[in-house]
Amino acid sequence: MTVSLFDKYGGVPTVTRIVRDFHERLMRRPNLRRYFEEMDVEHVIAHHIAYVSYAMGKPNQDFTMKKIHDQHMQAGVTKASYNQITEIFAAALEEEGVSPEDIEMIEETLKTVRGEIVTKGLEK
């Protein structure tokens with residue numbers, strides 16, 4: 001039986017630590033903080049916990065491409081910001097002890113929604 005990355009790394013408690021660390025790192029960057037300033041912090045963190053859990057293999061029926069697109073459409077996320085956010089997230093994963101191979105697997109899952117999140121400055 002294959003164990004998901006979500007289970008391998010300790011489930012919700014670990015994902016919660018990763019997301020809180022990730023969010024703190026994001027908020028230290030003014031160019032990235034601007035995407036979240038008008039939002040309820042705990043709501044954003046809860047959303048990220050659910051999404052990271054999904055990216056680590058926990059099944060979640062709430063994440064559809066349309067829903068992800070609709071949630072990010074008005075944000076105007078640029079490719080450069082998305083890349084910075086991805087780097088910060090990888091650093092938070094690494095800090096929590098996630099192996100480089102597993103970080104790569106998580107990033108591959110996240111890449112599948114990149115086109116729904118990046119909504120500004122993309123060549124069409």
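## The segment before α1

Ser 4 lies in the segment that precedes α1 (5–8), where helices (H or I, at least four residues) are DSSP runs numbered from the N terminus. The model is predicted, so that local features need pLDDT of at least 70 and side-chain atom pairs count only at pLDDT 80 or more, whereas totals for chains, interfaces and linings use all residues. Residues are numbered from 1 along each chain as its sequence is written, and side-chain values use heavy atoms, with hydrogens and water left out.

With a relative accessibility of 17%, Ser 4 counts as buried, a class that means under 20% relative accessible area, with exposed over 50% and partly exposed in between (1.4 Å probe, protein chains only). A polar atom of the Ser 4 side chain lies 3.1 Å from the backbone nitrogen of Asp 7. Not counting residues up to four places away in sequence, Ser 4 touches Met 56 and Gly 57, a contact being heavy atoms within 4.5 Å.

## Helix α2

Helix α2 (residues 12–27) has 16 residues and, at 1.5 Å a residue, should span 22 Å, which agrees with its end C-alpha atoms being 22 Å apart; the expected span is 1.5 Å times one less than the number of residues. Its buried residues are Thr 14, Val 15, Ile 18, Val 19, Asp 21, Phe 22, His 23 and Leu 26, and what covers them includes α1, α3 (30–33), α4 (41–55) and α6 (79–95).

## Ile 106 in α7

Ile 106 is placed in helix α7 (residues 100–111) and is buried, its relative accessible area being 0%. Leaving aside residues up to four places away in sequence, Ile 106 touches Leu 5, Ala 55, Met 56, Phe 89, Leu 93 and Val 98.

## Salt bridges

The count comes to seven salt bridges, each defined as a side-chain nitrogen of Lys or Arg within 4 Å of a carboxyl oxygen of Asp or Glu. One of them joins Asp 102 to Lys 8, with the closest N and O atoms 2.7 Å apart. This pair links distant parts of the chain, since Asp 102 is in helix α7 and Lys 8 in helix α1, 94 residues apart. Asp 102 is buried at a relative accessible area of 6%, whereas Lys 8, at 49% relative accessibility, counts as partly exposed.

Within helix α2, Arg 25 and Asp 21 are four residues apart and therefore separated by about one helical turn, and their side chains meet in a salt bridge (2.9 Å, N to O). Another salt bridge brings together the side chains of Glu 37 and Arg 33 (3.2 Å, N to O). Salt bridges that share partners also join Asp 21, Arg 25 and Glu 95 into one network.

Technical notes:
Helices (H or I, at least four residues) and strands (E, at least two) are DSSP runs, numbered from the N terminus. A polar contact is a pair of N or O atoms within 3.5 Å; within protein, one must be able to donate a hydrogen and the other to accept it, and residues adjacent in sequence count only if both atoms are side-chain atoms.
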